[in-house]
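Reader: I would like to learn how to read the features of a protein model. Could we take them one at a time?

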Amino acid sequence: MKIICIGRNYADHARELNNPLPEKPVFFLKPDTALVLNNRPFFYPGFSGEIHHEVELVLKINRLGRHIGEEFAHRYYDEIGVGIDFTARDLQDQCKKKGLPWEIAKAFDNSAPLGRFISKADIPDTANICLRLDINGKRVQDGSSKDMIFSFDRIISYVSQFITLKIGDLIFTGTPAGVGPVKIGDRLQAYINDDMLLDFYVK
Ligand code: MG
């Protein structure tokens, strides 16, 4: 299985990092070794002094597909969850300056804590899913899928023009504004609507 992540999919987040708004989805991959499941802790890595949280809605692919038309894309996922796209912002800034790939900043081990999934059928409106992250009980990120630049269907269609999607693949769909650093001892709790789907500590 693979993890596909969309970057700069919320205008307010692109702006907070001084990035231009994309005309097409921007994506990158994380390996399966990035996953942290079952609310296990995230261990702060020694190679970075600036790990940022990015809370994101996550789609779980449920059928094989390539060159998927946007009008059929909704058939390729039936569960939505929440995850954190942990980013070594200091390393990413160095990569960006040199025009290098982002893997050391984005794809490292344990960079993708993933919570429970809920059935799409239990979500009243997938075009307006509230997404939020609390750190130590304080809200730090708060967004809605209605503010995404590229919809779930557009993302699936676009990515599948380049990469075959397989059952169990995950797509992180981008983060709203409010990203910032985490520190050892922090407790992160992520919600879809009012369901807490992810709850873990930084150690
Ligand atoms: Mg992200």
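Reader: With which residue does Lys-30 form a salt bridge, and how far apart are the closest N and O atoms?

Author: Keep in mind that this is a predicted model. A salt bridge is called when a side-chain nitrogen of Lys or Arg lies within 4 Å of a carboxyl oxygen of Asp or Glu. Here Lys-30 pairs with Asp-85, and their closest N and O atoms are 2.8 Å apart. The two residues sit in distant parts of the chain, 55 residues apart: Lys-30 belongs to strand E2 (residues 26-30), and Asp-85 to the loop between E6 and E7.

Reader: Is Lys-30 buried or exposed?

Author: Buried means under 20% relative accessible area. Lys-30 has 2%, so Lys-30 is buried. Asp-85 has 1% and therefore counts as buried too.

Reader: Which residues are linked with Lys-30 in a network of salt bridges?

Author: The network links Lys-30, Glu-54, Asp-85, Arg-89 and Lys-106. By the 4 Å rule, the count of salt bridges comes to 13.

Reader: Where can I find a salt bridge with partly exposed residues?

Author: Look at Arg-139 and Asp-142, whose side chains meet at 3.7 Å, N to O. Arg-139 has a relative accessible area of 45%, and Asp-142 has 47%. Another pair is Asp-186 with Lys-183, where the closest N and O atoms are 2.9 Å apart. Asp-186 counts as buried, at 4% relative accessibility.

Reader: What is the order of strands in the open sheet of three?

Author: For a sheet, write down the order of the strands and the sense of each pairing. The order is E7-E4-E12, with antiparallel pairing. E7 and strand E12 (180-181) each have a single partner strand and stand at the edges, so one side of each has no neighbour in the sheet. Strand E4 (residues 51-53) is joined to E7 by two bridges, and Ile-51 has Ala-88 as its bridge partner in E7.

Reader: Which strands does E13 pair with, and in what sense?

Author: E13 pairs with strand E9 (residues 130-135) in the antiparallel sense over five bridges. Six bridges join E13 to strand E14 (residues 195-201), again antiparallel. To follow each pairing, find residues that stand opposite one another. Leu-133 stands opposite Ala-190 in E13, and Tyr-191 stands opposite Met-196 in E14.

Reader: How many residues lie between E13 and E14 in their hairpin?

Author: There are two residues between them, and Asn-193 in the turn has a positive phi of about 50°.

Reader: How many of the residues of E13 are buried?

Author: Five of its six residues are buried, so strand E13 (residues 187-192) is mostly covered.

Notes:
Residues numbered from 1 in each chain as written. Predicted model: local features only at pLDDT ≥ 70, side-chain atom pairs only at ≥ 80, totals over all residues. Heavy atoms only, no water. Buried < 20%, exposed > 50% of the residue type's maximum accessible area, 1.4 Å probe, protein only. Helix = DSSP H or I, 4+ residues; strand = E, 2+ residues; numbered from the N terminus. Pairing = 2+ DSSP bridges.
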